[in-house]
Structures are given as C-alpha cells and as structure tokens.
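Q: I've got a structure open and some quick things to ask. Can we go through it together?

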Amino acid sequence: MMETWEVQLAGLFKERNNPKRIGVTAAVIIDPLPNLKIGLGDEIILDMDQLIVANRIYQLSLKAGDEVVLVPATSEQQFYVIDKVGA
C-alpha cells in the first residue's frame, strides 16, 4: 500500500521536529593536549573550539588512541570532556 503525500509530509515534519540526540559517548584522542583533537565517530573531529575540558583531564597523561568520555552540551555544538575511559 502506498502512503499518501499527506502521510509522507507528516513523517518528514516528525523527523525534523524530533532529531536524534547525542548522549554520553566515548571518543578517541587524535592529538593530545595542549591542542586537543578528538574523533567522534568516523567523520567528526572536535577541536578546542568545540570542547569544554574538565580540570581532571589536564592531570592525566593522554595520548593518541586513548578514549575519553564526552557529554554533549544542550546545543550539541560543544562537548564536555569529563574523564578518560578505562583504568
């Protein structure tokens, strides 16, 4: 059964008005501090302009390949780097 154009249009509005939110996630260090760059998935690279770094992170010895915990800000344009993953 084919959907009518009205049903298709309503579906598009629903997708637009209900975007999927990014939750707490792990990401990979590409470049460590002081010029921190973090890879979020395969396509997104976050730099210091998009990162809010917790004080604790400055006391850790992070290196490329380490994973960190990211929490998105409400706007999802910035991310809080709150800890290193693992021991």
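Q: Leu9 first: how accessible is it?
A: Leu9 is partly exposed, with a relative accessible area of 37%. Buried means under 20%, exposed means over 50%, and partly exposed is in between, with a 1.4 Å probe and protein chains only. This is a predicted model: local features need pLDDT of at least 70, side-chain atom pairs need 80 or more, and totals for chains, interfaces and linings use all residues. Residues are numbered from 1 along each chain as its sequence is written, and side-chain values use heavy atoms, leaving out hydrogens and water.

Q: Where is the place of Leu9?
A: Leu9 sits in helix H1, residues 5-17. Helices (H or I, at least four residues) and strands (E, at least two) are DSSP runs, numbered from the N terminus.

Q: Which residues make the nonpolar surface patch?
A: Trp5, Leu9, Leu12 and Phe13 make a patch of about 450 Å². Patch residues have over 30% relative accessible area and no salt bridge; like charges are joined within 9 Å, nonpolar side chains (Val, Leu, Ile, Met, Phe, Trp, Tyr) within 5 Å. Accessible areas come from the Shrake-Rupley method with a 1.4 Å probe, and for residues only the protein chains shown count as cover.

Q: New topic. What is the order of the strands in the open sheet?
A: The order of the 6 strands is E3-E2-E1-E5-E6-E4, with mixed pairing. Two strands pair if DSSP finds at least two bridges between them.

Q: Which are the edge strands?
A: Strand E3 (44-46) and strand E4 (51-53); each pairs on one side only.

Q: How do E1 and E2 pair?  Which way do they run?
A: Strand E1 (residues 25-31) and strand E2 (residues 37-40) run antiparallel, joined by 3 bridges. They form a hairpin with 5 residues between them. Asp31 has Lys37 in E2 as its bridge partner.

Q: And E2 with E3? How many bridges?
A: E2 and E3 have 3 bridges, in the antiparallel sense. Gly39 stands opposite Ile45 in E3. This hairpin has 3 residues between its strands, and Gly41 in the turn has a positive phi of about 75°.

Q: What about E5 and E6?
A: Strand E5 (residues 67-72) pairs with strand E6 (residues 79-84) over 5 bridges, in the antiparallel sense. Pro72 stands opposite Phe79 in E6.

Q: Switching to charges. How many salt bridges are in the whole structure?
A: A search finds 3. A salt bridge is a side-chain nitrogen of Lys or Arg within 4 Å of a carboxyl oxygen of Asp or Glu.

Q: What does Arg56 pair with?
A: Arg56 forms a salt bridge with Asp83, and their closest N and O atoms are 2.8 Å apart. Arg56 lies in helix H2 and Asp83 in strand E6, so the pair ties together parts 27 residues apart in sequence.

Q: Is Asp66 buried or exposed?
A: Asp66 is buried, with a relative accessible area of 10%. Asp66 lies in the loop between helix H2 (55-58) and E5.

Q: Which residues are linked with Asp66 in a network of salt bridges?
A: Lys63 and Lys84 are linked with Asp66. The Lys63 bridge is 3.3 Å, N to O. For Lys84, the closest N and O atoms are 3.6 Å from those of Asp66.

Q: How accessible are the two lysines, Lys63 and Lys84?
A: Lys63 is exposed, at 51% relative accessible area. Lys84 is partly exposed, at 24%.
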